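Please keep the sequence and the three-dimensional view side by side while reading.

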Amino acid sequence: MLDDRPAQPCTSERVARMNREGADLSGTPGDIDVAHRTTMVLAGGGLLAIALALGFVLTAVGAARTGELALDESISRHRDAALSAVARGIDVGFGTTVAPVLLLVACGILWTRHRFAAVALGALTTVGWLSVELGKALVRRPRPPAATVHALVSETAADSYPSGHTAFVAAVLFASVAALALAGRRTVAAWLLGVPVVVVVGLSRLYLGVHYLGDVIASVGFAAASILVATVVARPALMRLRDDTTRAVAG
């Protein structure tokens, strides 16, 4: 997601152009003013608060009354072997065991090409992914009843809200977009590739019978809010790393 246009020779002209493109993201005269940065941090904090509040409301009302349980039951009646195999594969591939390995491998590959991209992707993805632990710990929403939805994998802890699997892929998407924007690159390819992946992973959690719709939607909000705040707060350090990396490559 982080390299959506052909590599170009690292000339002094290119370095100057990149610096101009990213000037508004660094500590140069184009720096975002304090008020604007504060607004973005407050927006991220507000979105996180809304996501938390939604979790408490959904848990208090109950999945039967919100219609989420009925949706999971409906999905469970339309399964087939191929889709079940794909959903189980997603469950393993983006779970707490394999997902960190995938992220480390991706960052390792990026490190050999562009250290800024590797650090930004790794750090921001981690922040976005781990943010859901706040919701899980505070909301403690029960999982869908396995017998009712005929769950295909066993999840019994009261940590349904929000979805960690969905949060991981959403965090990768938002971290990729942030890194591309900070590097002065286009983000269209990241959105086009990332959004369908987030949707598919989210649907797979409903298909397996281990999450409700609200859990999946909220996970995107948690990831977006935390990465927005982290990007604004860490922007000066990330920009210094970007400039140092660019100069090292050009030199």
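The model is a predicted one.

We begin with the interior. In soluble globular proteins, nonpolar side chains tend to be buried together. Here the largest nonpolar core contains 36 residues. Those with the most contacts inside this core are Leu 121, Leu 124, Tyr 161, Phe 168, Phe 174, Phe 222 and Ile 227. Two or more residues each are given by α2 (34-61), α6, α7 (115-130), α8 (132-139), α10, α11 (188-208) and α12. Which helix supplies the largest share of this core? That helix is α10, with 12 residues. Phe 174 shows how such a residue is surrounded: leaving aside residues up to four places away in sequence, Phe 174 touches Trp 191, Val 220, Ala 223, Ala 224 and Ile 227.

On the side of α7, the contact includes Leu 121, Leu 124 and Trp 129; on the side of α10, it includes Phe 168, Ala 171 and Val 172.

The next topic is the aromatic rings. The whole structure holds four aromatic pairs. In one of them, the ring centres of Phe 94 and Phe 168 are 6.0 Å apart and the planes meet at 35°, so the pair is tilted. Phe 94 belongs to the loop between α5 (81-93) and α6 (98-111), whereas Phe 168 belongs to helix α10 (residues 164-182); the pair therefore ties together parts that are 74 residues apart in sequence. Are these two residues buried or exposed? Phe 94 is partly exposed, because its relative accessible area is 23%, while Phe 168, at 3%, is buried. Together with Trp 129, these two residues form one aromatic cluster.

Another pair, formed by Tyr 161 and Phe 222, is edge-to-face, with 6.3 Å from centre to centre and 80° between the planes. This pair also links distant parts of the chain: Tyr 161 is in the loop between α9 (146-149) and α10, and Phe 222 is in helix α12 (residues 213-250), 61 residues apart. Tyr 161 is buried, with a relative accessible area of 0%, and Phe 222 likewise counts as buried at 0%.

A further ring, that of Tyr 207, has a charged neighbour: the charged end of Arg 79 sits over the ring, 5.6 Å from its centre. Although Ala 87 and Tyr 207 are 120 residues apart along the chain, their C-alpha atoms are separated by 7.2 Å. Ala 87 is buried, with a relative accessible area of 3%, and touches Ser 204, Tyr 207 and Leu 208, not counting residues up to four places away in sequence.

Finally, we turn to the backbone. The peptide bond from Tyr 161 to Pro 162 is cis, with omega near -10°, and Pro 162 is placed in the loop between α9 and α10. That loop also contains His 150, which has a positive phi of about 55° although it is not a glycine. Arg 140, in the loop between α8 and α9, likewise has a positive phi, near 55°. Arg 140 is exposed, with a relative accessible area of 53%.

Definitions and conventions. Residues numbered from 1 in each chain as written. Predicted model: local features only at pLDDT ≥ 70, side-chain atom pairs only at ≥ 80, totals over all residues. Heavy atoms only, no water. Phe/Tyr/Trp six-rings, centres within 6.5 Å; stacked < 30°, edge-to-face > 60°. Helix = DSSP H or I, 4+ residues; strand = E, 2+ residues; numbered from the N terminus. Buried < 20%, exposed > 50% of the residue type's maximum accessible area, 1.4 Å probe, protein only. Lys NZ or Arg CZ within 6 Å of the ring centre and 35° of its normal. Core = buried A, V, L, I, M, F, W, Y, C linked by side-chain atoms within 4.5 Å. Contact = heavy atoms within 4.5 Å.
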